[in-house]
Amino acid sequence: MKKITLCIFIFIMSIQLLGCSISEETTSILSDLTNIEVGQEINRDGREVITTNDSSNQNNFEIRHEFNRDGKEVFSILADPALKAGDPFGYIFSFQEPFDVFEGKELSITAVNQENGERVQALDPQKITESSSGYSSLQRFTTTFEIPYGGLWTYEVYLDGDGYGEVAVDVADEENPFEKQLTRIDIQVASDEGRYGEKVLITDSKILDELKNTFEQVKWDPTIQVMMAGREDLKSTLFMKLEENKPEESYEYRIWFNEGGTATILSNNLKENYGRLDIENTKVLKPILIDIN
């Protein structure tokens, strides 16, 4: 009889202890849940989803090259017009906040496909130690990465693993079958007095093809800022049709023909900026632009 009583006592105590354990675990879980703010989302990587109350950022399923907070631009992205999947392409991120926001922190970028949610580590964490060359902050942060397949992709920017902002781009599956066309060129010779001569228009298709091929040989560097000592020899404006059924775009080039036979070119296209043309190609470019005047 005593043994039966003892067994019943032990069984009752076990149930009570188990109940306490479950209660403590439940309390712990509830406590953790209360630490998550209302409206806060956590993605599959355990990172907080980037959210904002700015209406211009609300629709994820659209192309957005700017990220705004409280009605102000936080950063923007400049992507290559020929951007396509399967190949590395360069990007320029222009961050507007002071450099001390980024200094010493690790900046990373995750690409998220908007259709299926697949996440790709586009840029591994990179410690920020200096500002963009010629700028006070990261107004010209350049990077290159590859997207595996086409579609709408959101680029999430993180600082030390915390969500900073996001933009969205359309990545083509294949190269644009419409080859960009140089439709015309305006040329103006520059004088030492700082004036430009009358505009000369080039529309001949053979000359345009030759100039297009020559400009494609320029070695561009978008990361540096250059102050030229003297006045350029001439200014040219190239009008390009990049996509079918879309208006043409224009780019301005200031050109110096150097004593060594090369050419230096400054472009207002942020993806180009500063360029050098070798002797062989300068021999083709100079007579066309000079003789036409």
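Biologist: In this predicted model, how many bridges join β11 to strand β15?

Modeller: Strands count as a pair if at least two bridges are found between them; here β11 and β15, the latter covering residues 274–277, are joined by 3 bridges and run antiparallel. Within this pairing, Trp220 has Gly275 of β15 standing opposite.

Biologist: What is the order of the strands in the open sheet?

Modeller: The order is β10-β9-β12-β13-β14-β15-β11, which makes an open sheet of 7 strands with antiparallel pairing. The edges are β10 (200–202) and β11 (219–221), each of which pairs on one side only, and from one strand to the next the twist averages 25°.

Biologist: Which helices pack on the sheet, and which strands does each one touch?

Modeller: Touching is read from contacts, that is, heavy atoms within 4.5 Å. Helix α2 (residues 205–215) touches β9 (181–189), β10, β11, β12 (234–241), β13 (249–257), β14 (263–267) and β15, and its direction makes about 85° with that of β9. Helix α3 (residues 279–291) also packs on the sheet, where it touches β9, β12, β13, β14 and β15, with its direction at about 105° to that of β13.

Biologist: How many helices and strands does the protein have, and what share of its residues is buried?

Modeller: The secondary structure comes to 3 helices and 15 strands, and 37% of the 293 residues count as buried. The accessible surface is about 17,900 Å², with 50% of that area belonging to carbon and sulfur atoms.

Biologist: What share of the contacts joins residues at least 24 apart?

Modeller: Among contacts between residues at least 6 apart in sequence, that share is 57%.

How values were computed
Residues are numbered from 1 along each chain as its sequence is written. This is a predicted model: local features need pLDDT of at least 70, side-chain atom pairs count only at pLDDT 80 or more; totals for chains, interfaces and linings use all residues. Side-chain values use heavy atoms; hydrogens and water are left out. Helices (H or I, at least four residues) and strands (E, at least two) are DSSP runs, numbered from the N terminus. Buried means under 20% relative accessible area, exposed over 50%, partly exposed in between (1.4 Å probe, protein chains only). Accessible areas come from the Shrake-Rupley method with a 1.4 Å probe; for residues, only the protein chains shown count as cover. Axes are lines fitted to C-alpha atoms, for helices over the stretch in contact, and angles run from 0 to 180 degrees between N-to-C directions.
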